[in-house]
Structures are given as C-alpha cells and as structure tokens.
Amino acid sequence: MTTTKLGKVCITPKGDYSPTAVYENLDVVRFEGNGYISLKDNNIGNSPTDVSCWAPLCSRGDSAYEHAVSNGYNYSQEKFAADCTEVANYGARLSAIESSFIGKQCGFTGTSFSSKNSALMFSGVRTTEIIFKTGASVSFDSPVRLYQFGTNSSSGWSCALYLYGENNLMYTGYRISSISPNTLYHIVIIHNNENSTVQFYINTNYSTYNYTGFVYTPNTFYVSGSAVTVMGFRVFNNSLTSSEIKTLYNGGRPSDYTIPQTGSLRESLVAEYIPSGIGSAVWVDNSNNNLDLTTSTAPTLEYTYPYYNENIIGSGAPTSRPNFIGQKFFDQSGGKIYMAKGTLSSDWVLIS
C-alpha cells in the first residue's frame, strides 16, 4: 500500500502575532485586529502585512469611532466615548423615531408642559421653533396657547403664540397667518428684545413686525398641545439666518427631526424637545442641557404622517415646487422618475 504524505491540511490558530515565533503553513494569527494565514513553513520575523508570507483572512472593519469620523464626526476619540456614554445613560433623549414608525412622526396632545428653569428665561435674542398639526376644527372662542415665554399673568401673555377666533394664528395680539384644519405647520419666531423686533417664518415664508418699546421679563416657559398635536420644539439663543431656518425646514423634517451635530445651529441650541422621548410627566430636553419640561396631566402620544409626502405621484413632468431636497416625483403616464435638487419648481431632475 502506497502512503502519500500530504503535510499540514488544516488551519491552526496561534493567537496574537509574535515577531519571534516560528509559524508554519496554515497557521493563523491576529495582528492589529485583523486575521492572517501563513503561506509557508518556517515563517519567522515577517510582518503579517507582508503579502509574500501571509494572506489576509478576515478584517475587523472600522471601529465605531472610525466609522463616525468617516461620516463627518470631527471630535476626539475621548469625546466620542463620552458621547456614547451619554447616549447609553439617556436613551430617552434620542431624537430618532422608533423604526416601526419610520415614515410617520410622533406628536403629543392633551396637555401642557412648562418650566421656570432660569436657563430658559434668558432675554436678548431668542429663536423658537415649533412644529404642530391642527385638528379638524380651527375655530376657537377664546385664545388657545401653543407656546409662551415671558410674564405669565392674568393681565396678558408676553411672547405667546396662540390660536384664536376663526382660522387665526396669533402672536401677542397680532394676527400673523390664517391656518387650515388637519395641516402641519413649521413656525420659527425670532424675538429680539434689544430692538423690540419680532420676525416670523411660516414654512419658510418670511414676515416681520416691529413692537415699539416692547420688552419682556421672562419668568415662565410653556408649550401646549391642548388644541393641536405638537411634533417638536426648539429654543436657540441667537437670531438664525434664513439659510439656517431652511436647514431646519428641509433637513429637520418631522419624519427624521434632526439638525447637524456641529455648526452654529448646534452651538446656539438651548433646548430641544422631541415627542418620542415623552414620559408620563416629563418632556425630555434632547440637547442634553437637562432643561426638561413637566406636566400635571400625561400626554396622549399620536403617530401622524409628516407634513411632507416622501414621494409625489402624478402625470407628466412635475411643475409644482418640491417640498424638500431629495423628494421624488413619479410620472405614471410617462414612466419616468424625477428628483428634487432644490425647492424651486425648476429644480426637478430626471433620474430614470
């Protein structure tokens, strides 16, 4: 009977690579987090990165920090670890909507959240952003507040946004817009206490009112879902530019309600409230400044479609303005697909 010696025919794990160890063919080592297999016998002193002596077997891939950096994170590894710890400790502060509700946005109704925290009572320039959805009726016999900061007294509401009368959106005694039932609104108000000027952006439409000699003395902060479904609320300590407001409107849609992790928007963010983190009595501040709001009545959480349709279906080339950058239009009659590169009617681009 003839015997044939085949030699080593299976791999042998050898643990971490050592430059002084002697490796044989098919020995496997771990080096800098990756796996390598020896290509020859008597393999000594040859780095696993030497392709003439070793072959890569498996790769560890990027670390979480490396992956974050490749996606735009530009802080130190130490800060990244601290940020991860913050996320782990404060899961309720995450602004992401549950995966089962992707394409929908959480909102709350039926209660009012408030705070007297001094950090929310700053004067000077402040920008407030609120996204809310009206109900079936927009007729009110008495004023119904959406939010307020300033003096809370029976004699008047300083800096209050509210609904009143028939289809009226009011701000401290001034009618700023009409409203429609079952409609989502994105409102940004810049209040400059230094020159008594208030500016309004309603779905990026701009208007301004001058309040001569009007000065507020903050002592309360208040957000209400008693008449609407509130989708989100933010406070900034400066005057946002029109470009930044468009970033909130286009990139911070309620369906994925986020803002850049760096830059002036994040740096001037005082507080951020996302309904997905609401407990029975606390609306958590997602900015991690711990400016939580409280309520005496538990809210009702609702899931409602965002104020943009992700895609539009029509016939022929699109002629209306896109709602946001990246929106798609499906031309059923022509079998074509368009994508928006901007928010003008001329910004539709044929992609298929």
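## Aromatic pairs

A search of the whole structure, a predicted model, finds 16 aromatic pairs. One of them joins Y17 and F31. Their ring centres are 5.7 Å apart. The planes meet at 85°, so this pair is edge-to-face; the cut-off for that class is over 60 degrees. Y17 sits in the loop between β1 and β2, while F31 belongs to strand β2 itself (27–31). The two residues are 14 apart in sequence, so the pair ties together separate parts of the chain. Y17 counts as buried, at 15% relative accessibility.

A second example is F221 with Y273. Here the ring centres lie 6.4 Å apart. The planes are at 35°, so the pair is tilted. This pair links distant parts of the chain. F221 is in strand β17 (residues 220–224), and Y273 is in strand β19 (residues 269–273). The separation is 52 residues. F221 is buried at 0% relative accessibility. Y273 is also buried, with a value of 0%.

F221 and Y273 also belong to a cluster linked by ring pairs.

## Overall make-up

The protein has 352 residues, and 43% of them are buried. Its secondary structure comprises four helices and 26 strands. Among contacts with a separation of 6 or more, 50% are between residues 24 or more positions apart.

The exposed surface comes to about 17700 Å². Carbon and sulfur atoms supply 50% of that area.

## The sheet β1 to β4

Four strands form an open sheet, in the order β1-β2-β3-β4. The pairing is mixed. β1 (12–16) and β4 (54–58) are the edge strands, and each pairs on one side only. Neighbouring strands in this sheet are turned by 30° against each other on average, direction ignored.

β4 pairs with strand β3 (residues 34–38). The two are antiparallel and share four bridges. Within this pairing, Y36 has P56 in β4 as its bridge partner.

## Cysteines

How many disulfides does the structure hold? The count is zero. C53 is buried, because its relative accessibility is 4% and the limit for buried is under 20%. C58 is partly exposed, with a relative accessible area of 48%. That value is not over 50%, so C58 does not reach the exposed class.

β24 (residues 328–331) and β25 (residues 336–340) run antiparallel. Four bridges join them. K328 is partnered by M339 in β25. The two strands form a hairpin, with four residues between them. G335 lies in the turn and has a positive phi of about 65°.

β25 also pairs with strand β26 (residues 348–350). These two run antiparallel as well, and three bridges join them. The bridge partner of A340 in β26 is W348.

## Two buried strand residues

T109 lies in strand β5 (residues 105–109). Is T109 buried or exposed? T109 is buried, with a relative accessible area of 13%. Beyond residues up to four places away in sequence, T109 touches G225, V228, T229, P299, T300 and E302.

N192 is found in strand β14 (residues 184–192). At 17% relative accessibility, N192 is also buried, because the class covers values under 20%. Which residues does N192 contact, leaving aside its neighbours within four places in sequence? They are G124, V125 and T197.

Methods:
Residues numbered from 1 in each chain as written. Predicted model: local features only at pLDDT ≥ 70, side-chain atom pairs only at ≥ 80, totals over all residues. Heavy atoms only, no water. Pairing = 2+ DSSP bridges. Disulfide = S-S within 2.5 Å. Buried < 20%, exposed > 50% of the residue type's maximum accessible area, 1.4 Å probe, protein only. Contact = heavy atoms within 4.5 Å. Axes fitted to C-alpha atoms, helices over the stretch in contact; angles between N-to-C directions. Areas by Shrake-Rupley, 256 points an atom, 1.4 Å probe, with all protein chains shown as cover. Phe/Tyr/Trp six-rings, centres within 6.5 Å; stacked < 30°, edge-to-face > 60°.
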